Every structure is written in structure tokens, then in C-alpha cells.
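This briefing covers charged side-chain pairs, strand pairing and a surface patch. Cut-offs are given where each term comes up.

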Amino acid sequence: MTFQEFRCLRVIDCKQGAVRAVRYNVDGTYCLTCGSDKKLKLWNHKTGLLLKTYGGHADEVTDAAGSCESSNIVTASLDKSIIYWDVSTGAPVRRLRGHAGGVKCVCFNEDSSIAISGGRDNAVFCWDIRTRRLEPVQMMREAKDCITSVLCNENKIITASLDGCVRYYDIRVGELTCDKVGVPITYLTMTRDEQCLLAACQDSVVRLLDCDSGGLLSEYKGSESDDYHIECGIMSNDAHILSGSSNGDAIVWDLLEGKILQNVEISKTGGVVHSLATHPKLNEILFARRRDVYVYSTEVEDEIMDIL
């Protein structure tokens with residue numbers, strides 16, 4: 001399969017201070033941007049149209065996730081709370097407090113009945129958002145430093161921390177497995193086949209880990225982190241991986257061979273490309289840098305039509 005280079009389709013000025021994170025909704029139709037102005041925004045990134053603004057946090061919004069049917073959103077904030085939103089009305093349905101520090105990351109479980117949050121207090125909380133219960137249904141406090149990523153599939157909750165560990169909480173049997181990477185992990189994502197994890201680390205190396213054994217499968221070098229929390233991503237074909245960089249670029253690698261396929265120059269003037277999101281089906285990527293979001297694609301119309 002020949003690699004086609006990504007080209008910039010659109011730049012969106014989000015007008016919400018610095019964009020702390022950019023995320024797709026479940027099917028990639030819309031995107032969410034988390035702002036340092038305490039607001040979340042919902043966009044049609046194809047047209048650059050702002051659809052909705054969600055205001056209710058008292059500090060920066062750090063992360064967001066859309067539910068499996070796209071009717072709700074959950075957000076994390078440095079105000080130590082997470083908010084469960086109704087997408088259509090823009091109203092906060094529930095505000096959940098329990099973290100002793102700012103909340104850094106959040107995700108839903110597979111049927112969006114549980115929200116999982118991780119914070120600067122080194123804790124991971126599970127919230128039953130379909131009931132009126134305001135306390136977490138489960139608390140995991142094994143990490144020794146800030147939680148930077150939370151993931152969930154049918155059987156496990158997976159967390160990454162600045163203490164250099166990836167922790168697997170097996171929901172079925174109540175077991176914890178801890179894999180030590182040894183370097184602070186700033187972001188964690190999973191391949192579509194759920195066989196591997198991709199970890200962005202603070203030493204400017206992106207590492208591919210085996211989910212079952214925890215073994216290191218590959219290392220990808222070429223991006224610069226410079227102590228920033230840089231995110232990484234995996235394309236929907238599981239063949240290409242990418243990472244932001246502190247020098248205004250993004251790097252695309254071949255997952256198997258580990259070679260750099262493209263150095264994407266997001267900005268000639270620099271600025272940290274810290275957050276990114278890969279489309280669940282298409283060859284499309286969103287990058288966040290300062291106050292802007294950049295939409296990149298390979299623009300192969302016949303491929304898009306085949307998938308749709």
C-alpha cells in the first residue's frame with residue numbers, strides 16, 4: 001500500500017484561548033475543542049462552522065469525549081470536576097466532583113454508561129452517569145503521579161501516568177497489571193484491533209507496547225517533546241502512527257517498519273503541536289496548535305466513497 005501525504009484542508013481559529021485538546025465524536029462527523037477559556041466547542045470541521053459552545057467549568061477544559069450515540073459529552077477540567085452534557089441543549093446534566101486536583105483526562109466505557117476520569121491527584125474514578133449518584137462507583141489510587149490518559153474497552157480500564165507505568169484494570173476478575181515503561185507517559189492510545197498500545201513519552205520517543213504481554217514492540221523517534229504533554233495517534237488502518245511535536249511539526253511513521261513517512265509542517269513559525277485526533281474511518285487528522293485547529297487529509301475521494 002503506497003503512502004499518500006497529508007495536506008492541509010482547513011485552519012479553524014477556535015477563539016477560545018489556547019486549545020488544550022481536540023477530539024472527534026464517535027463517527028468522526030464532528031469535532032470537539034477544549035479551551036483555556038473554560039469552554040468546550042462543537043464544530044463541523046469540514047466547513048469550519050461552530051455548532052455549539054458549552055460553558056460551565058470554572059477553569060481550563062483539558063479533555064472531552066462524546067458518547068457512543070453522540071447525544072452526550074463528558075468534559076474534564078482543572079476545576080477538579082467533570083461535567084456530563086446534553087449535546088443538543090448545551091446544558092450540563094450533571095457535575096461530578098471528587099478529585100482532589102485538576103482532572104486531566106476522561107473517557108466513556110463502551111456503552112457510555114460509565115465515565116472514567118484521571119487527575120493530578122494520581123487517582124482514576126469511575127462514575128455511573130445514568131443514575132443520580134454523585135460519588136464515584138470505583139476509585140483507583142495506585143499511580144504515584146499525575147494520570148495523563150484513560151482508555152476503556154469491554155474488559156479493561158487502561159491508564160497511563162507520569163510515574164512511567166501503564167496500568168491495566170481487568171473489570172471481569174478485578175485484577176491489576178502494571179507495566180513499567182520507565183519514562184513519564186504523556187498520552188496513550190490503542191490500535192483498532194486492541195492488540196497494541198501507543199505511548200507518547202516525555203523523552204521524545206513514541207513506544208508501541210503489546211497489550212497482552214506489556215512488551216516493547218517498537219520505538220519511533222523524530223518528534224520533540226521538550227517536557228510538553230504531546231499526544232500521539234494511530235490511523236484507522238492501523239498502518240500509520242503519528243505524533244505532535246514541540247517545534248511546530250507533526251511526524252507520521254510506518255507502524256511496522258518504524259521509518260518516517262512524512263514530516264508535516266503545521267506552522268513555519270513554530271508553536272507546540274500538542275493535541276491531535278485521528279478520524280475513526282477516513283485518512284483525516286485534526287491537529288491543535290495554540291488557538292487553532294488544523295484539518296489534514298490525503299483527499300482521496302474514491303477511498304472516502306468506498307468507506308462511506
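The points below are grouped by topic.

This is a predicted model, in which local features need pLDDT of at least 70, side-chain atom pairs count only at pLDDT 80 or more, and totals for chains, interfaces and linings use all residues. Residues are numbered from 1 along each chain as its sequence is written, and side-chain values use heavy atoms, with hydrogens and water left out.

**Salt bridges**

- The structure holds 13 salt bridges, a salt bridge being a side-chain nitrogen of Lys or Arg within 4 Å of a carboxyl oxygen of Asp or Glu.
- One of them joins arginine 207 to aspartate 203, with the closest N and O atoms 2.8 Å apart.
- Arginine 207 counts as buried because its relative accessibility is 9%; buried means under 20% relative accessible area, exposed over 50%, and partly exposed in between (1.4 Å probe, protein chains only).
- Aspartate 203, at 33% relative accessibility, counts as partly exposed.
- Arginine 207 also meets glutamate 219 in a salt bridge, at 3.5 Å from N to O.
- This pair links distant parts of the chain, 12 residues apart: glutamate 219 is in strand 21 (residues 216-221) and arginine 207 in strand 20 (residues 205-210).
- Strands (E, at least two residues) are DSSP runs, numbered from the N terminus.
- Glutamate 219 is partly exposed, its relative accessible area being 35%.
- Through shared partners, salt bridges join Asp203, Arg207, Glu219 and Lys221 into one network.
- Another salt bridge is formed by aspartate 13 and lysine 15, whose closest N and O atoms are 3.8 Å apart.
- Aspartate 13 has 29% relative accessibility and so counts as partly exposed, whereas lysine 15, at 57%, counts as exposed.

**Arginine 23**

- Arginine 23 has its place in strand 2 and counts as buried, at 12% relative accessibility.
- Its side chain is joined to that of aspartate 63 by a polar contact of 2.9 Å.
- A polar contact of 2.9 Å also joins the side chains of arginine 23 and glutamate 231.
- A polar contact is a pair of N or O atoms within 3.5 Å; within protein, one must be able to donate a hydrogen and the other to accept it, and residues adjacent in sequence count only if both atoms are side-chain atoms.

- An open sheet is formed by 4 strands in the order 14-15-16-17, with antiparallel pairing; two strands pair if DSSP finds at least two bridges between them.
- Strand 14 (147-152) and strand 17 (175-180) are at the edges with a single partner strand each, so one side of each has no neighbour in the sheet.
- Strand 15 (residues 156-161) pairs with strand 16 (residues 165-170) in the antiparallel sense over 5 bridges.
- Isoleucine 157 stands opposite tyrosine 169 in strand 16.

**Nonpolar patch**

- Tyr30, Leu49 and Leu51 make a nonpolar surface patch of about 260 Å².
- Patches are made of residues with over 30% relative accessible area and no salt bridge, like charges being joined within 9 Å and nonpolar side chains (Val, Leu, Ile, Met, Phe, Trp, Tyr) within 5 Å.
- Accessible areas come from the Shrake-Rupley method with a 1.4 Å probe; for residues, only the protein chains shown count as cover.
- Tyrosine 30 lies in the loop between strand 2 (19-24) and strand 3 (31-35) and counts as partly exposed, at 34% relative accessibility.
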